[in-house]
Amino acid sequence: MPALSLHPSYVFSLRSEPLLPDAPSRLLPSVFIFFTRTSRPLRVSTREPDFTEEYRNGVVNGRVAGAGTPGREDPLPEGLRRESMPRHVAVIMDGNRRWARARGMPVGSGYEAGLRSLRRVVELCCRWGIRVLTVFAFSSDNWVRPKVGFLFLFVRDIRVSLIGDSTKLPKALQELIESVEETTKNNSRLHLVVAVSYSGQYDIVQACQSIALKVKDGHIEPEDINESLIEKELQTNIARLSHPDLLIRTSGELRLSNFFLWQLAYTELFFVESHWPDFGEPDFIEALRCFRQRHRRYGGQDP
Amino acid sequence: MDKGSSSHETQRFGSFGSFLRRCIISILSTAPIPNHIAFIMDGNRRYCKRKNLMEGAGHRVGFLALMAMLRYCYELGVKCVTVYAFSIDNFKRRPEEVQSLMELMQEKIEGLIKEESIVNHYGIRVYFIGNLKLLSKPVRLAAEKAMVATASNSRAVLSICIAYTSTDEIVHAVQESCQEKWDEIRELNASGAGYGLIELDGNRREEGEHYIGVTDIEKHMYMAVVPDPDIIIRASGETRLSNFLLWQSAYCLLYSPSVLWPEIGFQHLVWAVLEFQRNYFYLKEKKKA
């Protein structure tokens, strides 16, 4: 079987067909390849791809071979103070398609621009000492399926985790994700949690179902059920700081769209008009400045 | 004579305001009206400080603002209104403030069931939503009495969240679901019809074989008596939910005007409804999905 050429229109997807309108239809999964500063382009064949082999060739001890060492935290921009920075930021990355449509570009360009925006925000979080970044893309947005390109993240000592429903992904990709999670689990600069096919209501339901089974098996009584038991069963329990301090949603939509629900009980919400591909350092600084000015009382006294 | 003419002026101004409001409502009514609006009444204490009022007076002024907003909502045709009156977290405040709030709530709850109150005027059924066992006895009794007294009203619904947090509501729903299932299985087994259901341990991924499911949990939520809110409005400019309706807010519009609660007015409600109407069809499709 001939190897696929490095055609940028091949996009990894759940369905075994490319997502971009100008690409030919194929029955086999194909791989989105983009070039980073440190990684080399990867070739894959049209047989069921063996990502793990490629991945192992390119990664040593959780770092891309030849990558630099992570730097210390940078000084913060004007108006921000380290003690009032959020430790966990969550982002709803909305607006890639609208961004592309507004420019008369194909939807795939919106996804590419969205990925660039994600990389920018990941870099900024690393520089400014944010410990956890959770990113959410809608289940209809296929661009954020963990891609081989996430390898670039390992340059910066980032731990990667996936939450949501990975069962619909191809087996090879599920194995790759597990491998990535395992390899990066000791990285400590930033914990990047990628929410794919994630439903806030389903997360609560599955946590409650796990607890209900414990009741059925006689390990606990119904009256022993409390908030911390439910917390431990939520998918977000993989992150040490599971509740975001700040949630940012782009594209001006003023709602949560079934993203985090339980976890957002006391989260500061920040809605920004610009679409995700346009979300950059100035917008992020603005969100962090607003966060700094919020008075978080948690229902109690004024400080 | 001056006082008489100035009160006459106030009356005429009030009538004109009411007429203007009815005109705006009839324009808004040409598009879908939200079925359920929820309010987080934030900013009473800041209002009190800003106006140099006596401590606790901010909450009384806040109550007047609530009555006005209820009136506007029901005139607009909104069927359900929910308000976040007192969070379980608010018990952390100074005991004197908590006590004064409890007394205010008892006084106002008792006022609700009087003949001339807004509740009877608009035919509103009142629910008190939350962990009522945490309330002092007089407040709890007043709440239960009000729920019974308004049980036959059916034109609209007012849900007052008191001693409430969303996470507590979910915990309670899971406890009730587990208890209900446990009782069901014990009964079936006792009657010999259980076929050892207690030992059921099939493929747990199948919805039907889960011990509890989403419908069990939703059935036992305190808020199961009303549909999910279409809009949550939080006053005072703070943009967070503070553990209010987390489950129910999955697809709801969130609006946080920077006005303090005692100063909220009809114009803020109009803005929220216009925003809701702008997003109406998008939200409807999302809910179906």
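**Close-up 1. E107(B) pairs with R60(B) in this predicted model.** E107(B) counts as partly exposed, because its relative accessibility is 38%. Its side chain meets that of R60(B) in a salt bridge, at 3.1 Å from N to O. The pair links distant parts of the chain. R60(B) lies in helix α3 (residues 57–76) of chain B, E107(B) in helix α4 of chain B, 47 residues apart. R60(B) has a relative accessible area of 40%, so this residue is partly exposed too.

**Close-up 2. Helices α4(B) and α6(B) cross at roughly 25 degrees.** Helix α4 of chain B spans residues 95–112, and helix α6 of chain B spans residues 137–149. Their axes come within 9 Å. The crossing angle is under 35 degrees, so α4(B) is roughly parallel to α6(B). The crossing is left-handed.

**Close-up 3. R94(B) and E96(B) form a salt bridge.** The closest N and O atoms are 3.0 Å apart. R94(B) is partly exposed at 33% relative accessible area. E96(B) is partly exposed at 48%. Elsewhere, shared partners join E268(A), R294(A), D42(B), R46(B), R234(B), E238(B) and R240(B) into one salt-bridge network.

**Close-up 4. D94(A) meets R98(A) in a salt bridge.** The N to O distance is 3.1 Å. D94(A) has 6% relative accessibility, so this residue counts as buried. R98(A) is partly exposed at 28%. Over all chains, the structure holds 27 salt bridges.

**Close-up 5. Four residues of chain B form a nonpolar surface patch.** They are F16(B), F19(B), L20(B) and I24(B). Together they have about 370 Å² of accessible area. L20(B) sits in helix α1 (residues 2–28) of chain B. L20(B) is partly exposed, at 42% relative accessibility.

Key:
Residues numbered from 1 in each chain as written. Chains lettered and ligands numbered in written order. Predicted model: local features only at pLDDT ≥ 70, side-chain atom pairs only at ≥ 80, totals over all residues. Heavy atoms only, no water. Patch = residues over 30% accessible without salt bridge, like charges linked within 9 Å, V, L, I, M, F, W, Y side chains within 5 Å. Areas by Shrake-Rupley, 256 points an atom, 1.4 Å probe, with all protein chains shown as cover. Helix = DSSP H or I, 4+ residues; strand = E, 2+ residues; numbered from the N terminus. Buried < 20%, exposed > 50% of the residue type's maximum accessible area, 1.4 Å probe, protein only. Axes fitted to C-alpha atoms, helices over the stretch in contact; angles between N-to-C directions. Parallel < 35°, antiparallel > 145°, perpendicular 65-115°, else oblique. Left-handed = near helix turned anticlockwise from the far one by under 90°.
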